[in-house]
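Please examine the sequence and the three-dimensional structure shown below. The paragraphs after them lead through selected parts of the structure in turn.

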Amino acid sequence: MKGVERIEEIYREVIRRNPGEAEFHQAVKEVLETLGPVLDKHPEYAEHKIIERICEPERQLIFRVPWQDDRGEVQIARGFRVGFNSALGPYKGGIRFHPSVYLGIVKFLGFEQIFKNALTGLPIGGAKGGADFDPKGRSDGEIMRFCQSFMTTLYHYIGEFTDVPAGDIGVGAREIGYLFGQYKRITNRYESGVLTGKNPSWGGALVRREATGFGTVYFTQEMLLARGEGLEGKTCVVSGSGNVAIYAIEKLQQLGARVVGCSDSNGVIYDEGGIDLPLLKQLKEVERCRISRYSEIRSGSRYIERGRLWDIPCQVALPCATQNELDETAARKLVANGCIAVGEGANMPTTPGGVRVFQSAGIAYGPGKAANAGGVATSALEMQQNASRDAWTFEHTEKRLHEIMQNIHRDCFETAREFNSPGNYVIGANIVGFKRVAEAMLAFGVI
Ligand code: NDP
């Protein structure tokens, strides 16, 4: 049977075994449809059912998270942790707190994470977790009690050699602090390596906070350099205004680009003079308010309620908010307005139709699993520092991050060429990541 036919069969089986998990189906399809030529070249992967095994998580945990709000009312959320693949190292991947979280979202993110982590070249497996808890508008005390309850079940299943969670949407340094505090209290162990994204004053790595955003910009810069272009002087838009977006904006500005737009789930900020980053940080990181507040303070900027960020003319677009936020219509608009590069800071932010538009327009398109791998790579550097009880400088860690992103770009670029698809980073990223995991799985036998 030819590789592509085999892949179609595997995909049909994935849909049958995982009904109702649309995001997971989408993520699997996007990877599988690029692997046909790899199976043709490596019949041993088909013989040992490597793809079938990769599509089935090694373990999936669903648990009750009861907690009390400030009025004393009992609330119940649902927690998840999916250990997808540990061929290359302990499970590694973030935790998301957002009302949209369900098993299909956690599995899509965990599946992506396998290949992303492999791309970093560092010893980490793929996982993801979260809860359908909405942190918006919750007090600090409520967030703390929720994190403590979440960890009270999760701690049984994690550990520095088993599973190492980190942050994601709705989980930043504050939440990691509460989670770590509860783990330490229950286990009677100061096990720094059990969580990453910690505050640098108690075991975290410098640059981890910045890493996903910085890394996305480095990757985008590499894509542009490969085409004889650079970021200097380019007009950019960045969606979201959370951790990834803020530090993508910071690095873009450092490299001489002008960022004229960002957003949250309620609306869009358009600031032709360039986003005032200290103001944005103050509002989002310190005051934790909505982005609409920005236009009330910054003269010359505009807030557009329910606005469409991708309608703002730009040369570089970085989707850094959430999955499927950039559809076919938005992609067409970007291309028509002269956009030449898209680097995904978020996971799977572009719909399949949007990806097709970018690819047929021939613009540089960096998929999330390659472009945003800097976050997890720096988490792996945090694990290295924890294991050796060391703490590196900002400069040293950022240099390592930059080199890792350059290497990821080079590996994807060269592999795409090897498989007759020059410039196609989707094909390059999927094949590089898949082959690394497949080789390890073959070595371990049927497990
Ligand atoms: P944050 O919670 O810090 O920020 C998320 C931002 O995206 C907020 O501005 C939020 O707006 C917006 N957003 C979230 N959900 C939606 C939605 N449904 N529609 C529109 N906007 C939305 O998360 P991060 O910055 O950490 O994560 C952003 C993306 O990057 C996610 O896809 C995540 O998986 C990915 N990522 C994160 C990494 C990390 O290191 N943090 C690593 C690799 C990938 P609002 O406040 O209104 O909800």
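Lys198 is found in the loop between helix H8 (173-187) and helix H9 (208-225); helices (H or I, at least four residues) and strands (E, at least two) are DSSP runs numbered from the N terminus. The model is a predicted one, in which local features need pLDDT of at least 70 and side-chain atom pairs count only at pLDDT 80 or more, while totals for chains, interfaces and linings use all residues. Residues are numbered from 1 along each chain as its sequence is written, and side-chain values use heavy atoms, with hydrogens and water left out.

Is Lys198 buried or exposed? Its relative accessible area is 3%, so Lys198 is buried; the term buried means under 20% relative accessible area, exposed means over 50%, and partly exposed lies in between (1.4 Å probe, protein chains only). The side chain of Lys198 reaches the backbone oxygen of Ser192 at 2.9 Å. The side chains of Lys198 and Glu382 are joined by a polar contact of 2.7 Å. A polar contact is a pair of N or O atoms within 3.5 Å; within protein, one must be able to donate a hydrogen and the other to accept it, and residues adjacent in sequence count only if both atoms are side-chain atoms. Leaving aside neighbours within four places in sequence, the residues in contact with Lys198 include Ile176, Phe180, Gly203 and Asn386, where contact means heavy atoms within 4.5 Å.

Gly159 lies between helix H7 (140-154) and strand S5 (163-166). Not counting residues up to four places away in sequence, Gly159 touches Val164, Tyr183, Glu191 and Val194. Gly159 and Leu195 are 36 residues apart in sequence, and their C-alpha atoms are 8.2 Å apart in space.

The next topic is the sheet. Seven strands form an open sheet with mixed pairing, in the order S9-S8-S7-S6-S10-S11-S12; two strands pair if DSSP finds at least two bridges between them. Strand S9 (301-305) and strand S12 (364-366) stand at the edges, each with a single partner strand, so one side of each is left without a neighbour in the sheet. Within the sheet, strand S7 (residues 258-263) and strand S8 (residues 267-271) run antiparallel and are joined by three bridges. Gly261 stands opposite Tyr270 in S8.

The ligand comes next. Of the 25 residues around the ligand, Asp168, Thr212, Ser265, Arg290 and Asn347 come nearest; a residue counts as near if one of its heavy atoms lies within 4 Å. An oxygen atom of the ligand is 3.1 Å from an N or O atom in the side chain of Lys136. A polar backbone atom of Ser241 is 2.9 Å from an oxygen atom of the ligand, and a backbone N or O atom of Ala321 lies 3.5 Å from an oxygen atom of the ligand. Taken alone the ligand exposes 890 Å², and the protein buries 83% of that; such areas come from the Shrake-Rupley method with a 1.4 Å probe.

Two arginines remain. Most residues other than glycine have a negative phi. Arg306, in the loop between S9 and strand S10 (316-318), has a positive phi of about 55°. Arg306 is exposed, with a relative accessible area of 58%. Arg389, in the loop between helix H16 (374-387) and helix H17 (394-418), has a positive phi of about 50°. Arg389 is exposed, with a relative accessible area of 77%.
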